[in-house]
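Please open the structure in a viewer and keep the selection tool at hand.

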Amino acid sequence: MESCKYLSSNMIVLVPQAEIDAAVQLLLKLKVDYKQMTGQDYKAGCPPSENLIVSNNGPAADDCDGEDLVDPWNVSASSTKGVDYDKLIVRFGSSKIDKELLERIEKVSGQRAHHFLRRGIFFSHRDMHQILDAYEKHKSFYLYTGRGPSSEAMHVGHLIPFIFTKWLQDVFDIPLVIQMTDDEKYLWKDLTLEECHRFTVENAKDIIACGFDVNKTFIFSDLDYMGASPQFYRNVVKVQKHVTFNQVKGIFGFTDSDCIGKISFPAIQAAPSFSSSFPQIFGGKKDVPCLIPCAIDQDPYFRMTRDVAPRIGLLKPALLHSTFFPALQGAQTKMSASDPNSSIFLTDTPKQIKNKVNKHAFSGGKDTVEEHRKYGGNTEVDVSFLYLTFFLEDDEKLEKIKEDYTSGALLTGELKKILIETLQPMIAQHQERRKQVTDEMVQQFMTPRPLNFKF
């Protein structure tokens, strides 16, 4: 539902869904800010005591009824189990990926669903049925995902959308555009334009190392492509005209002190959702559907995009949302590239991987071996097990690990050892593939050109 009606003074008023989403996001942000300042959950009509002492008692308890904070720059959960994704689906107004949709994806693609789908890592969608309808009618669609290059080294959490996007590209044999938002990082971070552009090239090497087909993949830097594609910029301007300052403030939490570049950036992230932004690929066609695999914290950009699209005569993009890849310290926050101990980086050595997992990976086990043997561990909060749900493809082996850990037969140290032995070869293989990626290959991927696919 992209808009709703309400009754006021005997008049029916049409309110854009973007304004409703903006108001909800602003309210949730204010509630989180209130709790951080006062230590209390907000309750209407109950101001905090003047003598209130604000304390910092660490992570919220599991029974906390506070709201999770999820936006494109901040993720924090009120529970040690992480974000409540069922509540997030309701709040964002998306649809759950259910058994029926999984079966349909398998039927249309002719392939078993990726383990990210089977395990609920990609858990939510917008209009995926319409994408499948078009594909069944032999109408192509294209994929769009992206990366904000804020450092030279990516971490394993950054791989999740690219691993899944590659599977989609292979299964459906469709083109892909990857937006490198170096302009965004310049606006938000204390970085020079030159640093942001250099990070784009370095991150592109990691992305290419995931195995994308150069004949079906276009990677572009905003700093380069905006000036080279009039059609792309025209779509940016169309979106900018149809979103108000109040809307972006509400949706993204911008304030009057933010630079104007931040205010206008959401339109740049929206533009790749439209096939007319890539005339070299689609020949000026405006009706090629777009599917965006992304983490759900990016959804505010595309709720805005979907609200604007019909008003500028373009198709709404469809989306597939993933859960967050947790920090080593626990599922209450996502990994951060700025904290080396919160992440396993793609540049880490086998020794660094081992040390980080053993030292920093949050455990769901009990305090003593005796208690653990008796009561078992909690896989819902144990980071080593959570990481295995992403990277261990064998369903039966994963289920056996879960049974053994929850029963107490498998100790925390043994579970960490399994994760280490899973990550070390995976990252070593990625590093070997990356070594084969030359600057010339990056240039080939980033050159605007036709791609090979069938309409």
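Select helix α12 (residues 260-270) and helix α14 (residues 299-308), whose axes lie 9 Å apart at an angle of about 75°; axes are lines fitted to C-alpha atoms over the stretch in contact, and angles run from 0 to 180 degrees between N-to-C directions. The two helices are therefore roughly perpendicular (65 to 115 degrees). Helices are DSSP runs of H or I with at least four residues, strands runs of E with at least two, numbered from the N terminus. Show F265, P266, A267, Q269 and A270 of α12, which meet Y301, F302, M304 and T305 of α14 (heavy atoms within 4.5 Å).

The model is predicted: local features need pLDDT of at least 70, side-chain atom pairs count only at pLDDT 80 or more, and totals for chains, interfaces and linings use all residues. Residues are numbered from 1 along each chain as its sequence is written, and side-chain values use heavy atoms, leaving out hydrogens and water.

Next, select Y85 and F324, whose ring centres are 6.1 Å apart with planes at 45°, so the pair is tilted. Rings of Phe, Tyr and Trp (its six-membered ring) pair if their centres lie within 6.5 Å; planes under 30 degrees apart are stacked, over 60 edge-to-face and the rest tilted. Y85 belongs to helix α2 (residues 85-92) and F324 to the loop between β11 (318-322) and β12 (326-327), so the pair joins parts 239 residues apart in sequence.

Then move to F141 and F172, an edge-to-face pair with centres 5.5 Å apart and 65° between the planes. Both F141 and F172 are buried (under 20% relative accessible area, with a 1.4 Å probe and protein chains only).

Methods: Parallel < 35°, antiparallel > 145°, perpendicular 65-115°, else oblique. Buried < 20%, exposed > 50% of the residue type's maximum accessible area, 1.4 Å probe, protein only.
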